[in-house]
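Can you walk me through how to read a protein model, one feature at a time? Here is the one on my screen.

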Amino acid sequence: MPDPEHDQPETPPTTEHKSGFVSFVGRPNAGKSTLTNALVGSKVVITSSKPQTTRTVVRGIVHRPDAQLILVDTPGLHRPRTLLGERLNDLVKTTLGEVDVVAVCLPANEKIGPGDRFIIAEMAKVKRTIKVAIATKTDLATGEQIGEHLLDIQKAGAGAGIEWAEIVPVSAKAGDQVSLLEDLLVGLLPDGPQLYPDGDLSDAPEEAIVAELIREAALEGVRDELPHSIAVVVEEMGLREGRDADRPLLDIHANLYVERDSQKGIMIGHKGARLRDVGKAARLQIEALLGTPVYLDLHIKIAKDWQRDPRQLRKLGF
């Protein structure tokens with residue numbers, strides 16, 4: 001009689017294999033996206049010096065012979081001020097009930113503040129999930145600051161009724177303790193088969209990742225009021241017909257939405273210079289990710305006050 005366990009090609013019968021989902025949560029700009037990219041070893045989520053840049057839940061996939069670690073990068077949890085903010089918070093809370101481990105990211109170069117305590121209190125409500133604390137950005141803190149920060153994390157967890165499974169200091173930028181963190185997270189996963197094929201780095205559609213890369217390029221160097229106001233929709237994406245197989249060209253037509261005329265002016269820049277820079281930076285990132293030459297056609301459109309308008313939010317994919 002066939003044994004189903006021995007019919008799994010990915011899992012050798014002699015070694016146990018683990019697989020599961022880990023969600024990074026934290027205040028906006030706590031280093032969640034940079035950490036996801038460092039663990040996956042490739043850029044699957046956008047990073048920016050501007051807070052609150054992540055909007056979609058992107059799963060980065062870490063492949064190992066003994067495990068598959070699926071990282072769920074969520075938007076920063078915060079007290080919402082707009083309908084978009086409320087939808088993002090709902091998305092985070094739904095995600096947390098469905099993962100194996102929640103890892104709270106707390107930057108080591110900043111004191112634990114009201115925003116962090118709000119998140120830790122929210123985590124305490126997610127009863128069955130294993131909770132880990134990560135002291136991120138240790139490259140920006142002294143040894144003394146890091147030691148104090150780790151004690152503060154312990155106290156903040158205890159105050160909310162959380163017993164951390166692990167507290168780990170990490171610098172994703174410098175690569176410090178990233179592989180140790182990976183080992184610890186894998187150790188907390190349940191036994192399970194490989195869930196995604198070898199080579200897959202994310203289960204987000206390519207269009208979604210391309211839209212995020214365009215938005216990242218658009219966010220660089222704009223004024224502080226713009227990050228929340230930018231949304232990108234890829235309208236069309238496909239290989240250009242009639243070209244030789246060894247000379248492919250990927251055509252991408254995308255719209256970049258802002259909320260007001262004045263923002264459109266900022267994004268276009270003097271004689272279109274800023275939009276050209278955004279297009280070039282995005283195209284290079286997309287080509288590096290997909291390994292194909294790209295023709296990027298980028299237009300700026302106005303969706304008035306879209307963050308507060310349910311109809312516009314739906315149209316833009318929220």
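Predicted model: local features only at pLDDT ≥ 70, side-chain atom pairs only at ≥ 80, totals over all residues.

Q: Which residues of the largest nonpolar core touch the most other members?
A: A nonpolar core is a set of buried Ala, Val, Leu, Ile, Met, Phe, Trp, Tyr and Cys residues joined through side-chain atoms within 4.5 Å; buried means under 20% relative accessible area, exposed over 50%, partly exposed in between (1.4 Å probe, protein chains only). Here the largest core has 25 residues, and those touching the most other members are Ile 214, Ile 230, Val 232, Ile 252, Leu 256, Met 267 and Ile 286. Helix 6 (206–219) gives the largest share, 8 residues. Helices (H or I, at least four residues) and strands (E, at least two) are DSSP runs, numbered from the N terminus.

Q: What is Ile 214 in contact with, beyond its neighbours within four places in sequence?
A: Contact means heavy atoms within 4.5 Å. For Ile 214 the list is Val 232, Ala 254, Leu 256, Val 278, Ala 282, Ile 286, Leu 296 and Leu 298. Apart from this core lies another, of 23 residues, including Ala 108 and Ile 120.

Q: In which sense do strand 5 and strand 6 pair?
A: Two strands pair if DSSP finds at least two bridges between them. Strand 5 (residues 130–136) and strand 6 (residues 166–169) have 4 bridges and run in the parallel sense. Val 132 stands opposite Glu 166 in strand 6.

Q: How do helix 1 and helix 5 pack?
A: Two packed helices are described by the angle between their axes and the distance between the axes. Axes are lines fitted to C-alpha atoms, for helices over the stretch in contact, with angles from 0 to 180 degrees between N-to-C directions. Helix 1 (residues 32–40) and helix 5 (residues 178–187) pack at about 85 degrees, axes 10 Å apart. That makes helix 1 roughly perpendicular to helix 5 (65 to 115 degrees counts as such).

Q: Where is Lys 271, and is it buried or exposed?
A: Most residues other than glycine have a negative phi. Lys 271 has a positive phi of about 55 degrees. Lys 271 sits in the loop between helix 7 (261–268) and helix 8, and is exposed, with a relative accessible area of 70%.

Key:
Residues numbered from 1 in each chain as written. Heavy atoms only, no water. Parallel < 35°, antiparallel > 145°, perpendicular 65-115°, else oblique.
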